[in-house]
Amino acid sequence: MNSATTRPRLWRWIFGTLFIVTTWQVLGLALTFLFASYFDLDVELLFSTADEDLAAIRALPAWSSAATVLISFLPLLIATLLAYRIFLKKNIKSLFTSRDRYSYKRTWIGFASLALISIAFGSIDLILNWDSYTFSFKASAFLPYLLIAFTLLPIQTTAEELFFRGWIQRWLDNGKKKQWSISILSGAIFSLPHLANPEVAGNELIFPIISYGATGFMLAWVTYRDKSLELAIGAHFANNLLAALLVSSQDSALPSVSLFSVPEVAWGPAALFSVIMVPIFIWLTNRWGAKAY
């Protein structure tokens, strides 16, 4: 997304990245402890992958647990914006889009495209594997969770997009690499921190890597293609929102109150779905997005 002629010096990227990661980890952890203390949560449970600890988290109000986890992404969002302005000396708007203005319509196109694909494939899986799903809807828990889902969840997904597709991907794009290589590298980097999620623990890593990597590749591709984060921001939010409200796994990293739940992520099918989704999403957003400006 950067032109080689206007590319900031390497030291700016390095120090900017150190600033972002350090701020995220230190202040994010501090906010997590603060919220955990306020909600009287055991912080150790939130970082555990043990079945009994995950079960204990599930027994707590999902909205408070989710808020405690998601608030840690606020420093990531703010730090990335500050690093882009201070270290790279760039206008913050250019982090989001190379065009004159940010298109919220394209963000909704990204959201709708991924939601449509996910719901279509999810419905097929629900029909074929009905016995694997448990209807878990509880209105009393669902309604307060919506507040978290529509406030803190967008902060988490936007923060990740700003860092992975906005900051890291721009660093990778030195004007010499091809779209394929940048998208593959960006997808691989995106998958790495997600391998620490509780739902990955105890599984062979190849399928989670493919699943997260394919999603990262897809979002990197449309970001490079359109020179903007608009589609990726919308799609990432749709992915996490559907996981929180429609179908979640009982070993998920994010407590939720979804309509349906499954005991654990079936990583083989999940990886296959992620790979199939890539060309469909790229084609669909190109078709719909061309009419958005």
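Which residue in β3 stands opposite threonine 134? The third view below gives the answer. The structure is a predicted model, in which local features need pLDDT of at least 70, side-chain atom pairs count only at pLDDT 80 or more, and totals for chains, interfaces and linings use all residues. Residues are numbered from 1 along each chain as its sequence is written, and side-chain values use heavy atoms, with hydrogens and water left out.

**View 1. Helices α1 and α4.** Two packed helices are described by the angle between their axes and the distance between the axes. Helix α1 covers residues 10-39 and helix α4 residues 62-70; helices are DSSP runs (H or I, at least four residues) numbered from the N terminus, as are strands (E, at least two). Their axes come within 8 Å and cross at roughly 160°. Axes are lines fitted to C-alpha atoms, for helices over the stretch in contact, and angles run from 0 to 180 degrees between N-to-C directions. On the α1 side, Thr32, Phe35, Ala36 and Phe39 meet Trp63, Ser64, Ala67 and Thr68 of α4, where contact means heavy atoms within 4.5 Å.

View 2. Threonine 17 lies in helix α1 and counts as buried at 14% relative accessibility; buried means under 20% relative accessible area, exposed over 50% and partly exposed in between (1.4 Å probe, protein chains only). Its side chain and that of tryptophan 167 are joined by a polar contact of 2.8 Å, that is, a pair of N or O atoms within 3.5 Å; within protein, one must be able to donate a hydrogen and the other to accept it, and residues adjacent in sequence count only if both atoms are side-chain atoms. Threonine 32, also placed in helix α1, is buried with a relative accessible area of 6%. Leucine 46 is 14 residues from threonine 32 in sequence and 9.5 Å from it in space, C-alpha to C-alpha.

**View 3. The sheet.** Three strands form an open sheet in the order β1-β3-β2, with mixed pairing; two strands pair if DSSP finds at least two bridges between them. The edge strands, β1 (134-135) and β2 (247-249), each pair on one side only. Strand β3 (residues 260-262) runs antiparallel to β1 and is joined to it by 2 bridges. Serine 261 in β3 is the residue opposite threonine 134.
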